[in-house]
Amino acid sequence: MHLGMKRRVPRIGVALGILLTGGYLPPTMASGCDCININSWKTLSSVVQASLSVGALGTRPHILLCPFAINKLHEEPTLKLNQKIFLQCMKENKGDKCVISGIGAASNPSLGPMIEISADNVWLQGLTLTGARNGAIRVTEGILGAKIINMYSVRNSSPDDQEGAVVEAGWGSLVHIIDSEFLSNRGTALQNRGSMMVISTKFVDNVASPFFDSSSDSAELGSGVGGAVMNSDGGTLILQDSCLTGNRAKQDGPAIWDEGEGDVIEVGGTCASGNIVTGLGNNQDGERNCDGVYSQDQDSCVPYNSCGGGMCATNRS
(Lines give C-alpha, C1' and ligand atoms only; values in the text may rest on other atoms or scores of the structure.)
Protein backbone atom coordinates (compact mmCIF):
# COMPACT_ATOMS: atom_id res chain seq x y z
CA MET A 1 0.00 0.00 0.00
CA HIS A 2 1.33 3.41 -0.97
CA LEU A 3 -0.34 6.03 1.20
CA GLY A 4 -0.67 9.61 0.05
CA MET A 5 -0.31 8.77 -3.65
CA LYS A 6 -2.86 8.41 -6.47
CA ARG A 7 -0.69 6.22 -8.66
CA ARG A 8 1.50 3.28 -7.81
CA VAL A 9 5.23 3.93 -8.08
CA PRO A 10 7.06 1.06 -9.84
CA ARG A 11 9.40 -0.61 -7.38
CA ILE A 12 12.35 -1.03 -9.69
CA GLY A 13 15.35 -1.98 -7.57
CA VAL A 14 18.98 -1.17 -8.34
CA ALA A 15 21.30 -3.98 -7.30
CA LEU A 16 23.94 -2.97 -4.80
CA GLY A 17 26.19 -5.62 -6.28
CA ILE A 18 28.48 -6.09 -3.31
CA LEU A 19 28.65 -8.53 -0.44
CA LEU A 20 26.36 -8.77 2.56
CA THR A 21 22.73 -9.14 1.50
CA GLY A 22 22.06 -8.64 -2.16
CA GLY A 23 19.64 -5.92 -1.02
CA TYR A 24 18.22 -3.27 -3.31
CA LEU A 25 17.98 0.49 -3.34
CA PRO A 26 14.46 1.85 -3.19
CA PRO A 27 13.27 3.43 -6.46
CA THR A 28 13.60 7.06 -7.36
CA MET A 29 10.28 8.80 -6.77
CA ALA A 30 8.13 9.29 -9.83
CA SER A 31 6.81 12.79 -10.57
CA GLY A 32 3.11 13.65 -10.46
CA CYS A 33 2.44 11.83 -7.18
CA ASP A 34 0.53 13.24 -4.25
CA CYS A 35 2.28 13.62 -0.91
CA ILE A 36 1.26 14.17 2.68
CA ASN A 37 1.64 17.60 4.28
CA ILE A 38 3.43 17.64 7.63
CA ASN A 39 3.29 20.70 9.88
CA SER A 40 4.44 19.38 13.26
CA TRP A 41 6.14 16.47 14.99
CA LYS A 42 2.72 15.44 16.30
CA THR A 43 1.31 15.33 12.76
CA LEU A 44 4.25 13.25 11.51
CA SER A 45 3.88 10.83 14.42
CA SER A 46 0.13 10.50 13.83
CA VAL A 47 0.56 9.82 10.10
CA VAL A 48 3.21 7.20 10.74
CA GLN A 49 1.35 5.48 13.56
CA ALA A 50 -1.82 5.23 11.46
CA SER A 51 0.22 3.67 8.65
CA LEU A 52 1.99 1.12 10.83
CA SER A 53 -1.24 -0.82 11.22
CA VAL A 54 -0.96 -1.59 7.50
CA GLY A 55 2.53 -2.96 8.05
CA ALA A 56 1.15 -5.22 10.74
CA LEU A 57 -0.93 -6.93 8.02
CA GLY A 58 2.20 -7.82 6.08
CA THR A 59 2.28 -5.00 3.52
CA ARG A 60 4.92 -2.30 3.76
CA PRO A 61 3.18 1.11 3.52
CA HIS A 62 5.03 3.69 1.42
CA ILE A 63 4.54 7.12 3.01
CA LEU A 64 5.45 10.00 0.71
CA LEU A 65 6.00 13.27 2.57
CA CYS A 66 5.78 16.74 1.04
CA PRO A 67 8.87 18.86 1.81
CA PHE A 68 8.62 20.33 5.32
CA ALA A 69 10.55 21.90 8.18
CA ILE A 70 9.32 21.10 11.68
CA ASN A 71 10.63 21.28 15.23
CA LYS A 72 10.73 18.47 17.76
CA LEU A 73 11.00 19.38 21.41
CA HIS A 74 13.56 17.16 23.09
CA GLU A 75 10.95 15.97 25.59
CA GLU A 76 8.51 14.90 22.87
CA PRO A 77 8.36 11.13 22.41
CA THR A 78 10.53 9.13 20.05
CA LEU A 79 9.01 8.15 16.69
CA LYS A 80 8.94 4.35 17.03
CA LEU A 81 8.84 2.37 13.80
CA ASN A 82 7.81 -1.07 15.03
CA GLN A 83 6.34 -2.37 11.76
CA LYS A 84 7.89 -2.32 8.30
CA ILE A 85 7.43 0.98 6.51
CA PHE A 86 9.01 3.10 3.76
CA LEU A 87 9.10 6.74 4.84
CA GLN A 88 10.25 8.98 1.97
CA CYS A 89 10.65 12.71 1.42
CA MET A 90 9.32 13.87 -1.95
CA LYS A 91 12.12 15.81 -3.65
CA GLU A 92 11.03 17.00 -7.07
CA ASN A 93 12.89 20.33 -7.07
CA LYS A 94 16.39 21.39 -6.08
CA GLY A 95 16.38 22.46 -2.45
CA ASP A 96 13.40 20.34 -1.42
CA LYS A 97 13.97 19.04 2.11
CA CYS A 98 12.21 17.25 4.95
CA VAL A 99 13.85 18.77 8.02
CA ILE A 100 13.33 17.75 11.64
CA SER A 101 15.05 20.09 14.12
CA GLY A 102 15.45 19.21 17.79
CA ILE A 103 14.92 22.19 20.08
CA GLY A 104 14.57 23.01 23.76
CA ALA A 105 16.60 22.61 26.92
CA ALA A 106 18.99 19.69 27.31
CA SER A 107 16.92 16.58 27.87
CA ASN A 108 17.09 13.41 29.89
CA PRO A 109 19.03 10.70 27.98
CA SER A 110 16.36 8.18 28.96
CA LEU A 111 13.94 9.89 26.56
CA GLY A 112 15.71 8.30 23.60
CA PRO A 113 16.59 9.38 20.06
CA MET A 114 14.39 11.11 17.49
CA ILE A 115 13.61 7.86 15.64
CA GLU A 116 13.81 4.23 16.72
CA ILE A 117 13.66 1.36 14.21
CA SER A 118 12.46 -1.81 15.91
CA ALA A 119 11.10 -3.82 12.97
CA ASP A 120 12.69 -5.50 9.96
CA ASN A 121 12.65 -3.85 6.53
CA VAL A 122 12.16 -0.24 7.59
CA TRP A 123 13.40 2.25 4.98
CA LEU A 124 13.97 5.96 5.55
CA GLN A 125 14.81 8.21 2.60
CA GLY A 126 15.54 11.91 2.23
CA LEU A 127 15.27 13.11 5.84
CA THR A 128 17.41 15.87 7.36
CA LEU A 129 17.85 15.47 11.12
CA THR A 130 19.46 18.26 13.12
CA GLY A 131 19.71 19.40 16.72
CA ALA A 132 19.03 16.00 18.33
CA ARG A 133 20.52 15.72 21.83
CA ASN A 134 19.86 12.04 22.58
CA GLY A 135 20.89 10.64 19.22
CA ALA A 136 19.06 10.85 15.90
CA ILE A 137 18.31 7.20 14.94
CA ARG A 138 18.60 3.94 16.82
CA VAL A 139 18.22 0.52 15.15
CA THR A 140 17.47 -1.96 17.89
CA GLU A 141 19.06 -5.37 18.46
CA GLY A 142 18.50 -8.05 15.82
CA ILE A 143 16.70 -5.83 13.29
CA LEU A 144 17.32 -6.81 9.64
CA GLY A 145 16.93 -4.94 6.37
CA ALA A 146 17.01 -1.37 7.71
CA LYS A 147 17.94 1.15 5.01
CA ILE A 148 18.82 4.79 5.63
CA ILE A 149 19.12 6.58 2.29
CA ASN A 150 19.96 10.16 1.35
CA MET A 151 19.89 11.25 5.00
CA TYR A 152 21.58 14.38 6.32
CA SER A 153 22.62 14.22 9.97
CA VAL A 154 23.76 17.74 10.88
CA ARG A 155 24.86 19.04 14.29
CA ASN A 156 23.26 16.26 16.32
CA SER A 157 24.73 14.74 19.46
CA SER A 158 24.52 11.65 21.60
CA PRO A 159 24.15 12.15 25.36
CA ASP A 160 27.44 12.74 27.20
CA ASP A 161 28.92 9.74 29.01
CA GLN A 162 26.10 7.48 27.86
CA GLU A 163 25.98 4.43 25.62
CA GLY A 164 25.21 5.16 21.99
CA ALA A 165 25.95 7.43 19.07
CA VAL A 166 24.11 9.85 16.79
CA VAL A 167 23.07 6.90 14.61
CA GLU A 168 23.35 3.57 16.40
CA ALA A 169 22.83 0.02 15.11
CA GLY A 170 22.30 -2.69 17.74
CA TRP A 171 23.76 -6.16 18.14
CA GLY A 172 22.85 -8.58 15.35
CA SER A 173 21.31 -5.88 13.18
CA LEU A 174 21.72 -5.58 9.40
CA VAL A 175 21.74 -1.98 8.14
CA HIS A 176 22.55 -0.12 4.92
CA ILE A 177 23.59 3.56 5.00
CA ILE A 178 23.44 4.90 1.44
CA ASP A 179 24.18 8.30 -0.15
CA SER A 180 24.07 10.11 3.19
CA GLU A 181 26.05 12.83 5.00
CA PHE A 182 27.10 13.15 8.64
CA LEU A 183 28.19 16.74 9.26
CA SER A 184 29.41 18.36 12.50
CA ASN A 185 27.88 15.80 14.85
CA ARG A 186 29.13 15.33 18.42
CA GLY A 187 29.43 12.02 20.22
CA THR A 188 30.41 9.60 17.40
CA ALA A 189 28.37 9.98 14.22
CA LEU A 190 27.74 6.29 13.53
CA GLN A 191 28.11 3.18 15.70
CA ASN A 192 27.77 -0.36 14.38
CA ARG A 193 27.31 -3.43 16.54
CA GLY A 194 25.93 -5.73 13.84
CA SER A 195 26.53 -5.92 10.08
CA MET A 196 26.52 -2.63 8.23
CA MET A 197 27.21 -1.47 4.70
CA VAL A 198 28.06 2.21 4.15
CA ILE A 199 27.91 3.35 0.51
CA SER A 200 28.63 6.79 -1.01
CA THR A 201 28.43 8.48 2.39
CA LYS A 202 30.39 11.44 3.76
CA PHE A 203 31.59 12.04 7.32
CA VAL A 204 32.84 15.59 7.86
CA ASP A 205 33.83 17.43 11.06
CA ASN A 206 32.33 14.93 13.50
CA VAL A 207 33.81 14.58 16.98
CA ALA A 208 33.69 11.89 19.66
CA SER A 209 32.44 12.99 23.08
CA PRO A 210 35.39 14.36 25.05
CA PHE A 211 34.87 12.17 28.11
CA PHE A 212 37.18 9.17 28.31
CA ASP A 213 37.40 6.72 31.22
CA SER A 214 40.18 4.18 30.72
CA SER A 215 38.64 1.91 33.37
CA SER A 216 35.46 1.45 31.38
CA ASP A 217 34.54 0.03 28.00
CA SER A 218 34.97 3.21 25.99
CA ALA A 219 33.44 1.73 22.86
CA GLU A 220 30.22 1.12 24.77
CA LEU A 221 30.12 4.61 26.21
CA GLY A 222 30.46 6.10 22.75
CA SER A 223 33.02 8.62 23.99
CA GLY A 224 36.66 9.49 23.58
CA VAL A 225 37.18 7.29 20.49
CA GLY A 226 35.64 7.05 17.02
CA GLY A 227 34.91 10.58 15.87
CA ALA A 228 33.10 9.53 12.70
CA VAL A 229 32.48 5.78 13.00
CA MET A 230 32.76 3.24 15.79
CA ASN A 231 32.69 -0.46 14.90
CA SER A 232 32.08 -2.46 18.06
CA ASP A 233 33.63 -5.81 18.96
CA GLY A 234 32.08 -8.47 16.71
CA GLY A 235 30.63 -5.95 14.27
CA THR A 236 31.20 -6.12 10.51
CA LEU A 237 31.44 -2.81 8.70
CA ILE A 238 31.76 -2.58 4.89
CA LEU A 239 32.54 0.73 3.21
CA GLN A 240 32.44 1.72 -0.44
CA ASP A 241 32.92 5.08 -2.20
CA SER A 242 32.76 7.02 1.06
CA CYS A 243 34.73 9.94 2.48
CA LEU A 244 35.95 10.88 5.97
CA THR A 245 37.56 14.29 6.56
CA GLY A 246 38.20 16.54 9.54
CA ASN A 247 36.82 14.18 12.17
CA ARG A 248 38.26 14.25 15.70
CA ALA A 249 38.59 12.09 18.81
CA LYS A 250 40.30 12.77 22.11
CA GLN A 251 41.77 9.29 22.52
CA ASP A 252 42.08 7.31 19.27
CA GLY A 253 40.39 6.51 15.96
CA PRO A 254 39.27 9.96 14.84
CA ALA A 255 37.92 8.57 11.54
CA ILE A 256 37.03 4.92 12.33
CA TRP A 257 37.61 3.09 15.61
CA ASP A 258 37.50 -0.70 15.35
CA GLU A 259 37.05 -2.32 18.73
CA GLY A 260 38.46 -5.73 19.65
CA GLU A 261 37.65 -8.31 17.01
CA GLY A 262 35.44 -6.14 14.87
CA ASP A 263 35.92 -6.35 11.12
CA VAL A 264 36.15 -3.30 8.84
CA ILE A 265 36.30 -3.98 5.09
CA GLU A 266 36.92 -1.27 2.50
CA VAL A 267 35.88 -2.58 -0.93
CA GLY A 268 36.95 0.43 -2.98
CA GLY A 269 36.67 4.16 -3.50
CA THR A 270 36.82 5.31 0.14
CA CYS A 271 39.17 8.13 1.19
CA ALA A 272 40.17 9.88 4.43
CA SER A 273 42.05 13.10 5.20
CA GLY A 274 42.68 15.43 8.13
CA ASN A 275 41.29 13.20 10.89
CA ILE A 276 43.09 13.97 14.14
CA VAL A 277 43.45 12.98 17.80
CA THR A 278 43.05 16.01 20.06
CA GLY A 279 43.94 14.63 23.52
CA LEU A 280 46.57 16.80 25.17
CA GLY A 281 49.79 14.90 25.89
CA ASN A 282 48.59 11.88 23.92
CA ASN A 283 49.42 13.07 20.44
CA GLN A 284 52.21 15.61 20.68
CA ASP A 285 53.82 14.51 17.43
CA GLY A 286 50.61 13.62 15.63
CA GLU A 287 51.58 9.95 15.58
CA ARG A 288 48.15 8.82 16.70
CA ASN A 289 46.27 10.66 13.96
CA CYS A 290 44.65 8.12 11.66
CA ASP A 291 43.18 8.71 8.23
CA GLY A 292 41.56 5.30 8.05
CA VAL A 293 40.75 2.53 10.52
CA TYR A 294 42.35 2.49 13.96
CA SER A 295 42.37 -1.06 15.31
CA GLN A 296 42.15 -1.36 19.08
CA ASP A 297 43.24 -4.99 18.87
CA GLN A 298 46.39 -4.18 16.87
CA ASP A 299 46.95 -0.70 18.33
CA SER A 300 47.67 0.52 14.82
CA CYS A 301 46.20 2.48 11.91
CA VAL A 302 45.30 1.14 8.47
CA PRO A 303 45.22 4.28 6.29
CA TYR A 304 42.95 4.91 3.32
CA ASN A 305 43.78 6.90 0.21
CA SER A 306 43.79 10.66 0.71
CA CYS A 307 40.74 12.61 -0.45
CA GLY A 308 41.20 14.96 -3.37
CA GLY A 309 42.12 18.35 -1.98
CA GLY A 310 41.75 16.87 1.49
CA MET A 311 38.01 17.50 1.44
CA CYS A 312 34.70 15.71 0.90
CA ALA A 313 32.33 17.46 -1.47
CA THR A 314 29.13 17.97 0.55
CA ASN A 315 25.71 19.02 -0.66
CA ARG A 316 24.67 20.97 2.43
CA SER A 317 26.16 23.22 5.07
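Which residue does a disulfide join to Cys 89? The partner is Cys 98, with an S to S distance of 2.1 Å. A disulfide here is a pair of cysteine sulfur atoms within 2.5 Å, and by this rule the count comes to five disulfides.

Before going on, note that this is a predicted model, where local features need pLDDT of at least 70 and side-chain atom pairs count only at pLDDT 80 or more, while totals for chains, interfaces and linings use all residues. Residues are numbered from 1 along each chain as its sequence is written, and side-chain values use heavy atoms, with hydrogens and water left out.

**How the cysteines pair up**

**Cys 89 and Cys 98**

- This link is right-handed, with 80° about the S-S bond.
- Cys 89 counts as buried because its relative accessibility is 4%; buried means under 20% relative accessible area, exposed over 50%, and partly exposed in between (1.4 Å probe, protein chains only).
- Cys 98 is buried too, as its relative accessible area is 0%.

**Cys 271 and Cys 307**

- Here a disulfide joins Cys 271 to Cys 307, and the S to S distance is 2.2 Å.
- The torsion about the S-S bond of Cys 271 and Cys 307 is about 100°, so this disulfide is right-handed.
- Cys 271 sits in strand S26 (residues 271-273) and Cys 307 in the segment after strand S29 (300-303), so the pair ties together parts that are 36 residues apart in sequence.
- Helices (H or I, at least four residues) and strands (E, at least two) are DSSP runs, numbered from the N terminus.
- Cys 271 counts as buried at 14% relative accessibility, and Cys 307 counts as buried at 6%.

**Cys 290 and Cys 301**

- Cys 290 and Cys 301 are joined by a disulfide with 2.1 Å from S to S.
- With a torsion of about 80° about the S-S bond, the disulfide of Cys 290 and Cys 301 is right-handed.
- Cys 290 lies in the loop between strand S27 (276-277) and strand S28 (292-295), and Cys 301 lies in strand S29, so the pair ties together parts that are 11 residues apart in sequence.
- What about burial at the two ends? Cys 290 is buried, with a relative accessible area of 1%, whereas Cys 301 is partly exposed at 31%.
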